[in-house]
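User: I would like to learn how to read a sheet from its strand pairings. Could you take me through one, starting with the general idea?

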Amino acid sequence: QVQLVESGGGLVQAGGSLRLSCAASGSIVYINSINSMGWYRQAPGKQRELVARVSSDGSTNYADSVRGRFTISRDYAKNTVYLQMNSLKPEDTAVYYCNVVAWARNDWGQGTQVTVSS
């Protein structure tokens with residue numbers, strides 16, 4: 001059974017920082033087939049959008065709106081992906097979802113709320 005456990009959301013003032021984490025668990029077959037891990041976010045009334053993603057080869061891509069402020073990293077031994085968010089802005093307020101793409105699977109975490117006050 002695949003499980004994604006997210007943590008790290010919360011309330012922060014503009015200019016502050018938060019770190020999100022998402023740990024994936026499941027069968028050995030599943031863990032070994034993980035391709036990319038990433039974060040998406042969805043603000044009220046808006047579509048879910050990619051924030052950042054890291055592939056199995058370590059390559060990363062970021063949304064233009066977060067590049068230079070957010071950093072995604074992956075601990076392969078712990079099957080965990082992190083999102084370090086610095087210089088947060090009110091427009092970063094959203095529910096952040098972990099996403100893991102593996103062979104024949106595309107799984108989502110339950111979401112964690114990030115609220116940035118001005």
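Analyst: Two strands count as paired if DSSP finds at least two bridges between them. In general, the strands of a sheet pair through backbone hydrogen bonds, in either a parallel or an antiparallel manner. The model shown here is predicted, and it contains an open sheet of four strands in the order β1-β3-β8-β7, with antiparallel pairing. Because β1 (3-7) and β7 stand at the edges with a single partner strand each, one side of each has no neighbour in the sheet. From one strand to the next, the twist averages 15°.

User: How many bridges join β1 to β3, and which residue in β3 stands opposite Ser 7?

Analyst: β1 and β3 run antiparallel and are joined by five bridges, with Ser 7 standing opposite Ser 21 of β3.

User: Which residues of β8 are the bridge partners of Cys 22 and Ile 72?

Analyst: Strand β3 (residues 18-25) pairs with β8 in the antiparallel sense over six bridges, and within β8 the bridge partner of Cys 22 is Val 81. Strand β7 (residues 70-75) is likewise antiparallel to β8 and joined to it by six bridges; here Ile 72 has Leu 83 of β8 as its bridge partner. β7 and β8 form a hairpin with four residues between them, and Asn 79 in the turn has a positive phi of about 55°.

User: How many residues of strand β8 are buried?

Analyst: A residue is called buried when its relative accessible area is under 20%. In strand β8 (residues 80-85), five of the six residues are buried, so this strand is largely enclosed by the rest of the structure.

How values were computed:
Residues are numbered from 1 along each chain as its sequence is written. This is a predicted model: local features need pLDDT of at least 70, side-chain atom pairs count only at pLDDT 80 or more; totals for chains, interfaces and linings use all residues. Side-chain values use heavy atoms; hydrogens and water are left out. Buried means under 20% relative accessible area, exposed over 50%, partly exposed in between (1.4 Å probe, protein chains only). Helices (H or I, at least four residues) and strands (E, at least two) are DSSP runs, numbered from the N terminus. Axes are lines fitted to C-alpha atoms, for helices over the stretch in contact, and angles run from 0 to 180 degrees between N-to-C directions.
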